[in-house]
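Good morning, and thank you for coming.

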Amino acid sequence: MEVWDINRGIRAYTAKSNRFCSCGLSVLFKRELNKDEVTKNALLVNILGLGCKEYPTPSALAKAAALSFGSGIDCVNMKKGNFQLLEFYTCCVNEEDNVKNALELLKKVIFEPLTENNAFKEEYLKTAKEMLKSSIRSRKDDKKEYARERLLEEMFAGQGAGIPGDGFIDDVEPITCEALYAHYKKVVSQSEIIITSVGSFDGEALKRGLRAFDVGGREPKTTVVKSKQTSGKPKEVYENMEVSQSKLGVGLKTKADYYELLCANEIFGGGSQSRLFMKAREKEVLCYYITSQVLRGLDRCVLQCGVSEENADKIIDIINSELADMKNTTDAEIERAKEGLVKQYTELSDSLSAVESFCLSKALWGGADSPEEALKIIKSLKNDSIRAAFEGASVDTIYLLRRGEATP
């Protein structure tokens with residue numbers, strides 16, 4: 001991976017590979033997640049995806065993209081840790097002028113929006129609002145994902161990571177065309193811009209194309225957000241809903257470095273060979289699934305479990321017991337965990353989207369410069385440092401979504 005400083009708070013992360021015939025291009029505006037603007041940001045992505053000055057309808061924009069570089073453009077709102085990212089993405093075959101044309105159209109979509117009297121058009125705002133409200137209302141459709149997001153809300157209450165990434169439905173309607181356009185101008189002028197270019201491309205031609213995003217009038221502000229550690233007894237939250245299966249979420253406070261924690265988590269609850277899975281799922285048959293995940297940049301792990309309500313306390317007891325016993329991890333367990341991670345990172349290089357995700361993680365939180373470097377770090381980890389990764393870790397938050405009359 002190469003990192004290019006384009007200027008004015010614009011940094012490009014490029015990973016050239018002959019394994020792919022396509023080039024994935026993303027332009028992302030990095031914002032601190034906060035309640036005052038999260039809904040506006042989500043709405044902004046929607047309205048910009050409906051058309052720009054030169055191509056003022058979704059169909060005209062789609063046709064221009066297909067004719068220019070044989071693909072389309074996706075405008076996506078993402079939540080990553082404490083950050084909200086407004087992403088403008090395309091992927092095209094690296095032939096003729098496809099990459100150059102794709103960059104040119106991305107720039108038009110971002111910097112040349114369709115406006116009327118120094119504001120967004122009313123009919124477009126109405127459409128964008130309906131799209132956003134539909135997205136917010138659909139949060140409860142996937143109960144497993146809903147329970148995970150609710151755990152994060154409770155675990156990071158008062159912090160960016162605890163804010164729903166697509167905002168709040170009550171904040172949608174009051175946003176006017178003028179207010180959203182004023183916010184748009186702030187976003188494009190003050191945000192750090194992350195650009196990722198992955199796959200097959202001509203380096204010098206790409207660099208020339210990326211410089212076009214260094215538009216005038218920008219005064220970007222550096223966005224650095226750190227999570228706050230809580231203290232005291234675990235926070236317990238119970239929510240009722242019409243569910244066929246209760247969903248248990250448990251948040252853990254941790255202190256270890258990322259790669260040590262990643263390896264230790266493989267042993268603890270990261271997969272079908274983990275301690276939690278083998279004991280809670282296979283041996284005790286207390287749950288339908290159980291898995292844990294490291295939250296990068298947040299010093300936390302989250303556990304998700306499908307369980308009958310009456311078994312939830314037993315699962316928490318097992319979590320605490322296994323957490324305390326991680327200091328006794330065997331060399332064989334560590335070797336198996338490393339092998340699993342090596343396999344994951346080796347396969348990562350075969351997927352364009354996985355490499356793009358790796359580049360974005362590097363942009364947000366640092367770490368290894370390539371999957372190959374990450375492999376070297378993992379292989380070099382000392383067994384004792386992995387055993388100590390969960391030292392001092394403790395349950396921070398317990399969230400249970402259970403069957404019953406819906407909680408208001």
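Which residues in helix 8 meet which residues in helix 11? Tyr258, Tyr259, Leu262, Cys263, Glu266 and Ile267 in helix 8 meet Glu333, Ile334, Ala337, Lys338, Leu341, Gln344 and Tyr345 in helix 11, where contact means heavy atoms within 4.5 Å. These residues comprise nine nonpolar, one polar and three charged.

Please note that this is a predicted model, in which local features need pLDDT of at least 70, side-chain atom pairs count only at pLDDT 80 or more, and totals for chains, interfaces and linings use all residues. Residues are numbered from 1 along each chain as its sequence is written, and side-chain values use heavy atoms, with hydrogens and water left out.

Now to the geometry. Helix 8 (residues 258-268) and helix 11 (residues 331-348) pack at about 110°, their axes 8 Å apart. The two helices are therefore roughly perpendicular to each other, a term that covers angles of 65 to 115 degrees.

Next, Leu375, which lies in helix 13 (residues 371-380). Leu375 counts as buried because its relative accessibility is 13%, and buried means under 20% relative accessible area with a 1.4 Å probe, protein chains only. Beyond its neighbours within four places in sequence, Leu375 is in contact with Leu341, Val342, Tyr345 and Thr346. Leu375 and Tyr259 are 116 residues apart in sequence and 10.0 Å apart in space, C-alpha to C-alpha.

Finally, helix 6 (residues 177-190) has 14 residues. Its buried residues include Cys177, Leu180, Tyr181 and Tyr184. Among the elements covering the buried residues of helix 6 are strand 3 (22-32) and helix 1 (38-48).

Definitions and conventions
Axes are lines fitted to C-alpha atoms, for helices over the stretch in contact, and angles run from 0 to 180 degrees between N-to-C directions. Helices (H or I, at least four residues) and strands (E, at least two) are DSSP runs, numbered from the N terminus. Angles under 35 degrees count as roughly parallel, over 145 as roughly antiparallel, 65 to 115 as roughly perpendicular and the rest as oblique. Ala, Val, Leu, Ile, Met, Phe, Trp, Tyr, Cys and Pro count as nonpolar, Asp, Glu, Lys and Arg as charged, and the others, Gly among them, as polar. The expected span of a helix is 1.5 Å times one less than its number of residues. Buried means under 20% relative accessible area, exposed over 50%, partly exposed in between (1.4 Å probe, protein chains only).
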